[in-house]
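This report walks through one structure, from strand pairing to pocket lining. Please keep the sequence and the 3D view open while reading.

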Amino acid sequence: MRDVIPTLRIVERVAARVTVLDLTGRLVLDQGDAAFRDCVTDLLARGQNQILVNLHDVSYIDSAGVGRLVAKLLTVRRAGGDIKLMHLTP
């Protein structure tokens with residue numbers, strides 16, 4: 001059995017009617033993408049469908065992370081909301 005080190009930290013805050021998710025770390029397969037998926041799913045369950053994702057402190061996004069962002073964008077839009085990204089890095 002291997003120890004899994006979380007690769008993504010998510011801090012949630014609310015500004016007006018928008019939920020801001022401050023991400024720190026790596027948005028990658030298994031750890032980061034699952035944490036992001038679970039966070040957005042929880043927000044939708046609480047009726048929060050206007051989401052702003054702050055990527056300023058994300059050091060790396062792999063293809064699974066990009067796929068998860070797109071998948072959750074579609075899920076949120078189907079729920080009548082939207083996801084916007086800010087502070088994208090190279």
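Strands β1 (residues 8-15) and β2 (residues 18-27) run antiparallel and are joined by eight bridges. Two strands pair here if DSSP finds at least two bridges between them. Strands are DSSP runs of E with at least two residues, helices are runs of H or I with at least four, and both are numbered from the N terminus. Leucine 8 has glycine 25 of β2 as its bridge partner.

Two residues lie between the strands of this hairpin. Alanine 16 lies in that loop between β1 and β2. Its phi is positive, near 60 degrees, and the residue is not a glycine. Most residues other than glycine have a negative phi. Alanine 16 counts as exposed, at 77% relative accessibility. The classes are buried (under 20% relative accessible area), exposed (over 50%) and partly exposed (in between), with a 1.4 Å probe and protein chains only.

## Model and numbering

This is a predicted model, where local features need pLDDT of at least 70, side-chain atom pairs count only at pLDDT 80 or more, and totals for chains, interfaces and linings use all residues. Residues are numbered from 1 along each chain as its sequence is written, and side-chain values use heavy atoms, with hydrogens and water left out.

## Overall fold

The protein chain has two helices and four strands. Along the sequence, their pattern is β-β-α-β-α-β. The radius of gyration is 13 Å, close to the 12 Å that the globule rule gives for 90 residues, so the chain is as compact as a globular protein of that length. That radius is taken over C-alpha atoms, and the rule is 2.2 Å times the number of residues to the power 0.38.

Along the principal axes, the C-alpha atoms fill a box of roughly 40 × 25 × 20 Å. Of the 90 residues, 33% count as buried. Contact means heavy atoms within 4.5 Å. Among contacts between residues at least 6 apart in sequence, 70% join residues at least 24 apart.

## Selected residues

Alanine 34 lies in helix α1 (residues 32-45). Alanine 34 is buried, with a relative accessible area of 16%. Its C-alpha atom is 9.5 Å from that of leucine 8, 26 residues away along the chain.

Histidine 87 is in the segment after β4 (82-86). Histidine 87 is not a glycine, yet has a positive phi of about 60 degrees. Histidine 87 counts as partly exposed, at 44% relative accessibility.

## The largest pocket

How much space lies in the largest pocket? About 150 Å³. A pocket is an open set of points on a 1 Å grid over the protein atoms alone, where a 1.4 Å probe fits, with protein on both sides within 12 Å along at least five of seven lines; lining residues have an atom within 4 Å of a point. Points are joined across faces, edges and corners, and the volume is the space filled by probe spheres set on them.

The lining includes Leu55, Tyr60, Ile61, Leu69 and Pro90. Strand β3 (residues 50-61) gives the largest share, five residues. By class, the lining has eight nonpolar, two polar and no charged residues. Ala, Val, Leu, Ile, Met, Phe, Trp, Tyr, Cys and Pro count as nonpolar, Asp, Glu, Lys and Arg as charged, and the others, Gly among them, as polar.

Isoleucine 61 lies in β3. Isoleucine 61 is partly exposed, at 30% relative accessible area. Beyond its neighbours within four places in sequence, isoleucine 61 is in contact with Leu27, Val66 and Leu69.
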